Amino acid sequence: MRVELTVNGERRSDEVEPRLLLVHYLREVCGLRAANVGCDTTSCGACTVLLDGESVKSCTVLAAQAAGQQVTTAEGLAPPGELHPVQRAFRAEHGLQCGFCTPGMVMAAVGLLAEHPRPTEAQVREGLEGNLCRCTGYHNIVRAVLAASGQLAAGPLAAGPLAAGPLAAGPLAAGPLATSGQLAAGPAPDQAGVSA
Ligand code: FES
Ligand code: FES
């Protein structure tokens with residue numbers, strides 16, 4: 001069947017099998033490897049992307065179900081060579097180690113902040129509970145999301161990399177979600193454990 005959708009601002013029309021999962025469509029047809037496959041049980045969140053602005057686990061969605069919608073992956077969060085404020089916050093707050101969970105974690109955070117621009121720590125923890133990280137213990141990830149939300153604007157980050165970013169005018173207000181680009185934050189997502 002033919003599926004027509006927009007991926008990172010680029011309109012696409014591809015012939016796919018009806019059973020093809022969105023995460024496999026993104027990785028194998030589009031060549032976008034940020035969304036990882038970390039489980040067979042829809043529980044890890046490593047495959048999280050935005051579908052019309054809402055974060056979804058792309059292993060739970062058929063490519064055909066995304067027809068007519070806007071898909072954003074971590075590669076498309078910022079223009080080439082630039083970082084989205086959430087990506088910058090993850091780097092500034094050391095919110096990653098191996099990096100395998102990071103693209104999904106970042107996308108979940110972007111979705112969370114779109115819904116709750118000024119979340120509490122509890123809301124961040126609840127909002128990210130569908131995304132698993134086996135390296136960081138979550139503390140720095142939560143710090144990163146709070147930093148990106150502007151909650152730490154008066155703290156150490158006030159003079160840091162976030163201070164001059166789009167968040168100065170409101171969280172994610174200028175987030176170029178529709179543009180294409182390369183994931184520049186953290187280690188390459190294609191690491192051991194990535195499914196084919
Ligand atoms: S690969 Fe999608 S939730 Fe684990
Ligand atoms: S940094 Fe999260 S799984 Fe390694």
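At what angle do the axes of helix α3 (residues 102-115) and helix α5 (residues 139-149) cross? The model is predicted, with local features needing pLDDT of at least 70 and side-chain atom pairs counting only at pLDDT 80 or more, while totals for chains, interfaces and linings use all residues. Residues are numbered from 1 along each chain as its sequence is written, and chains are lettered from A and ligands numbered from 1 in the order in which they are written.

The axes of α3 and α5 cross at roughly 40 degrees and come within 11 Å. This makes α3 oblique to α5; angles under 35 degrees count as roughly parallel, over 145 as roughly antiparallel, 65 to 115 as roughly perpendicular and the rest as oblique. Axes are lines fitted to C-alpha atoms, for helices over the stretch in contact, and angles run from 0 to 180 degrees between N-to-C directions. Helices (H or I, at least four residues) and strands (E, at least two) are DSSP runs, numbered from the N terminus. On the α3 side the contact is made by Met105, Ala109, Leu112 and Leu113, and on the α5 side by Ile141, Val145, Ala148 and Ser149. Two residues are in contact if their C-beta atoms, placed from the backbone, lie within 7 Å.

Of the 11 residues of α5, 10 are buried, so this helix is largely enclosed by the rest of the structure. A residue is buried if 20 or more other C-beta atoms lie within 10 Å of its own, exposed if 12 or fewer, and partly exposed in between, with C-beta atoms placed from the backbone. The cover over the buried residues of α5 includes α2 (85-92), α3 and α4 (121-127). Gly150 follows α5 and has a positive phi, near 90 degrees.

An open sheet of mixed pairing is formed by five strands in the order β2-β1-β5-β3-β4. Two strands pair if DSSP finds at least two bridges between them. At the edges stand β2 (10-15) and β4 (54-57), each with a single partner strand, so one side of each has no neighbour in the sheet. Strand β1 (residues 2-7) runs antiparallel to β2, joined to it by six bridges, and Val3 is opposite Asp14 in β2. Two residues lie between β1 and β2 in their hairpin, and Asn8 in the turn has a positive phi of about 50 degrees. With strand β5 (residues 70-72), β1 pairs in the parallel sense over two bridges; Gln70 is the bridge partner of Thr6.
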